[in-house]
Amino acid sequence: MHDVTSDKTIIGLGSTARLVGGGLNIGLPVDDDVTSPPAEAVHNVIIRNLSLSGATDDLINVQMFSHHVWIDHNDLSNGDDGAIDIKRGSDYVTVSWNRFHDHDKTLLLGHDDDNGAQDVGRLRVTYHHNYFDGSDQRHPRVRFSELTHVYNNYYRDNSYGVASTYDAKILMEGNYFFSVNNPGRVEFSGDLGRIVQRDNILVDCNHEIETRGSVPEPRTLYPYTADRPPASRPSCRRAQASARSEEPSPCQPSSVARPSRRPCSSRP
């Protein structure tokens, strides 16, 4: 892993800039006894226009209260662990316009189930306009996050999309799921996790939202607004039938119909 310090921009020039066999570590060394942001926490970092592959650990690791990090327009594949892991109190991170492929555990947000002392109230991360191109799982898998915003991403042929665990609060909106087994998953392995959905398009999928573990009552899993109650959520079949009536999108194969809100279009 190559350490990245504060106030650094790493940009690949042209279309052939590659980092092969290693990864980038953004953050101080791990110290479980540090539970609040230190003054020397790594901050103000941009990683852009790189192809990263073949790392024996993470492709990009953000840790130990690092903040204000932007990971944008990269191609990530074939890492032994995570593609992008964000953990241990890191905050204010944006992951945008990246392609993930040939990878298993793609995006982890939150270190583990026992790391609440560092993570609670932090891990505020936005994932937008990413292409999960046959990558398997964790898009992202989230613990403890104060708020994770997942919008306008394109999912294709993944085992599952987003997972909320340990009281992670996730807003999913404007995403496009094609052939994804479980677009969203809420796991009860401690405190409550929650996913709020708006205007996601599900095509050729097997499930909408899967829940695992006991569901305490009367709290709802899907706190929709008054004009769109849970009963009005479109099923996969209805969403697929509706999408078929529209013209193909330039962002996917011509045989796949385009949703009314294209995840690859620009957004204010």
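1. **Ground rules.** Since the model is predicted, local features need pLDDT of at least 70 and side-chain atom pairs count only at pLDDT 80 or more, while totals for chains, interfaces and linings use all residues. Residues are numbered from 1 along each chain as its sequence is written, and side-chain values use heavy atoms, with hydrogens and water left out.

2. **The overall picture.** The chain has 2 helices and 25 strands; these are DSSP runs numbered from the N terminus, with helices being H or I of at least four residues and strands being E of at least two. Of the 268 residues, 53% are buried. Buried means under 20% relative accessible area, exposed means over 50%, and partly exposed is in between (1.4 Å probe, protein chains only). Take the contacts with a separation of 6 or more: 62% of them come from residues 24 or more positions apart, a contact being heavy atoms within 4.5 Å.

3. **The sheet.** Look for an open sheet of 8 strands with parallel pairing, in the order E2-E5-E8-E11-E14-E17-E20-E23. Strands E2 (8-11) and E23 (194-198) are the edges, each pairing on one side only. Two strands pair if DSSP finds at least two bridges between them.

4. **Walking across neighbours.** Strand E5 (residues 43-48) runs parallel to E8, joined by 5 bridges, and here Val45 stands opposite Val69. E8 (residues 67-72) also pairs with E11 (residues 91-96), again parallel and over 5 bridges. In that pairing His67 faces Asp91 and Ile71 faces Val95. Next, E11 pairs in the parallel sense with E14 (residues 125-128) over 4 bridges, where Val95 sits opposite Tyr127.

5. **A salt bridge between strands.** The structure holds 10 salt bridges, each a side-chain nitrogen of Lys or Arg within 4 Å of a carboxyl oxygen of Asp or Glu. Which residue in E8 is the bridge partner of Arg48? That is Asp72, and the two also form a salt bridge, with the closest N and O atoms 2.5 Å apart. Asp72 lies in E8 and Arg48 in E5, so the pair ties together parts that are 24 residues apart in sequence. Asp72 counts as buried because its relative accessibility is 1%, whereas Arg48 is partly exposed at 31%.

6. **Lys87 and its partners.** The side chains of Lys87 and Asp58 meet in a salt bridge at 3.8 Å, N to O. Lys87 sits in the loop between strand E10 (84-86) and E11, Asp58 in the loop between strand E6 (51-53) and strand E7 (60-62), 29 residues apart. Lys87 is buried at 11%, and Asp58 is buried at 2%. Lys87 also has a salt bridge with Asp85 (3.9 Å, N to O). Elsewhere, Asp75, Arg99, Asp133 and Arg156 are linked in a network of salt bridges.

7. **Aromatic rings.** Rings of Phe, Tyr and Trp (its six-membered ring) pair if their centres lie within 6.5 Å; planes under 30 degrees apart count as stacked, over 60 as edge-to-face and the rest as tilted. The count comes to 6 aromatic pairs. Tyr154 and Tyr176 have ring centres 5.5 Å apart and planes at 65°, so the pair is edge-to-face. Tyr154 is in strand E18 (residues 154-156) and Tyr176 in strand E21 (residues 176-178), 22 residues apart. Tyr176 is buried at 1% relative accessible area. Phe100, Phe132, Tyr155 and Phe177 form one aromatic cluster.
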